[in-house]
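Dear colleague,

I am handing over the structure we discussed, for use in your own work. Please look through the sequence and coordinates before reading on.

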Amino acid sequence: MSDLSEFIRISQELGDDMAFVQAGGGNTSQKIDSKIMAVKSSGSFLRDITINKGYCLVNFQEIKKYHNNLPKDELRYSNDMNSFVTKGDGRPSMESGFHAIIPKKYVLHSHPVYLNVLLCSEQGEEILLDLFPYSLFIKAIAPGKDLSMEILSLLNEGNSREEYVFFLQNHGLITASDDLLACYKTHLEISNSIKEAYAFKTFNYMDNQNIHPILFDNNLFPDQIIFSKHEDTKSPGYVENLSAANYIFTQINDSKLTPLFLSNELTNYIASMDSEKYRFNLDQK
Ligand SMILES: [Zn+2]
């Protein structure tokens, strides 16, 4: 079995920067042999991952096979995904599907606030494809099953890369490579280059506690939908996600971009998902 120590260190480091990961969001994986993958546990915090906790071992070959013939029902999908755990701490990340499907040893996924200014604006798609022509862009879609299926169909179309960069509209970033440090470097550089190009202020959640009222009726990304319902406005899920939404919305306006909110249909669907309810409940403890 290959060593997980470097993967754990990079996961902690990425998770420790709130400009990339808010509360229990974001997830990382390492394929450790021809069958088994370590992937962050659902609802656990990336910054708290250690060699002893915060991740599951799953059979990624079985997960890949399972995606060739999926059930329509999200509750069943969410339950079935748990059956692929061979050893672990809680449920595997709801995004384990795309971690298994992307044919690289390391997959890093986060919600970078600087990049999300573009991914949550009307103009973002064109700007990003222009800046990063080798990247793959995915329009707003529900996380979990639907996102994994979208990535599978993009890969089946023959979009092979040595290093993958997926931009997820209204969501975040995935980078994947067989080289962990290269994958991490690309991940940081994409976000930081956008921050620099647009001269965005450094994100500090303390400066974004006064949430714009529009953000209680309109959602920029999935975790905002889930955690804005929190009665405990001091919980990390609420504080970190709502301050990120407020920051992104402010920067969109200051940069003269047009905010792109999730549709009502997608919002209602995401709010109803079993895997999202599970994550919400973990944040309430
Ligand atoms: Zn995500």
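The notes below set out what was found, from the overall form to individual residues.

Please bear in mind throughout that this is a predicted model.

Overall form

The protein has 285 residues, and a compact globule of that length would have a radius of gyration near 19 Å; the value here is 17 Å, which agrees. Along the principal axes, the C-alpha atoms occupy a box of roughly 50 × 40 × 35 Å. Buried residues make up 47% of the 285. The secondary structure consists of 12 helices and 8 strands.

Domains

Two domains are assigned: domain 1 covers 5–197 and domain 2 covers 205–280. Their centres, taken over C-alpha atoms, are separated by 20 Å. Domain 1 contributes 26 residues to the contact and domain 2 contributes 28 residues. On the side of domain 1 that touches domain 2, the elements giving two or more residues are helix H3 (74–82) and helix H5 (113–119). By class, that side of domain 1 holds 10 nonpolar, 13 polar and 3 charged residues.

The sheet

An open sheet of 8 strands runs in the order E4-E3-E2-E1-E5-E8-E7-E6, and its pairing is mixed. The edges are formed by strand E4 (85–88) and strand E6 (136–138); each has a single partner strand, so one side of each is left without a neighbour in the sheet. On average, and with direction ignored, neighbouring strands of the sheet are turned by 15° against each other.

Strand E3 and its partners

Strand E3 (residues 55–59) is mostly covered, with 4 of its 5 residues buried. Strand E2 (residues 36–40) pairs with E3 in the antiparallel sense over 5 bridges. Within that pairing, isoleucine 36 stands opposite asparagine 59 in E3. E3 also pairs with E4 in the antiparallel sense, here over 3 bridges. Leucine 57 is the residue that faces lysine 87 in E4.

How many residues of strand E5 (residues 106–110) are buried? The count is 5 of the 5, so E5 is largely enclosed by the rest of the structure. Both of its faces are covered: Tyr106, Leu108 and Ser110 are buried on one side, and Val107 and His109 are buried on the other.

Strand E1 (residues 27–31) and E5 pair in the antiparallel sense over 4 bridges. The bridge partner of glutamine 30 in E5 is tyrosine 106, a residue that is also listed among the buried ones above. E5 pairs with E8 in the antiparallel sense over 5 bridges, and serine 110 stands opposite leucine 173 in E8.

Strands E7 and E8

Strand E7 (residues 164–168) and strand E8 (residues 172–177) pair in the antiparallel sense over 5 bridges. Phenylalanine 167 stands opposite leucine 173 in E8.

Most residues other than glycine have a negative phi.

Alanine 23 has a phi near 50°, a positive value in a residue other than glycine. Alanine 23 is placed in the loop between helix H1 (5–15) and E1. Is alanine 23 buried or exposed? With 24 C-beta neighbours inside 10 Å, alanine 23 counts as buried, since the cut-off for a buried residue is 20 or more.

Asparagine 170 has a phi near 55°, again a positive value in a residue other than glycine. Asparagine 170 lies in the loop between E7 and E8. Asparagine 170 has 23 C-beta neighbours inside 10 Å and so counts as buried.

With kind regards

Conventions. Residues numbered from 1 in each chain as written. Predicted model: local features only at pLDDT ≥ 70, side-chain atom pairs only at ≥ 80, totals over all residues. Domains from an automatic or database assignment. Contact = placed C-beta atoms within 7 Å. Nonpolar A, V, L, I, M, F, W, Y, C, P; charged D, E, K, R; others polar. Pairing = 2+ DSSP bridges. Axes fitted to C-alpha atoms, helices over the stretch in contact; angles between N-to-C directions. Buried ≥ 20, exposed ≤ 12 C-beta atoms within 10 Å, placed from the backbone. Rg over C-alpha atoms; globule rule 2.2 N^0.38 Å.
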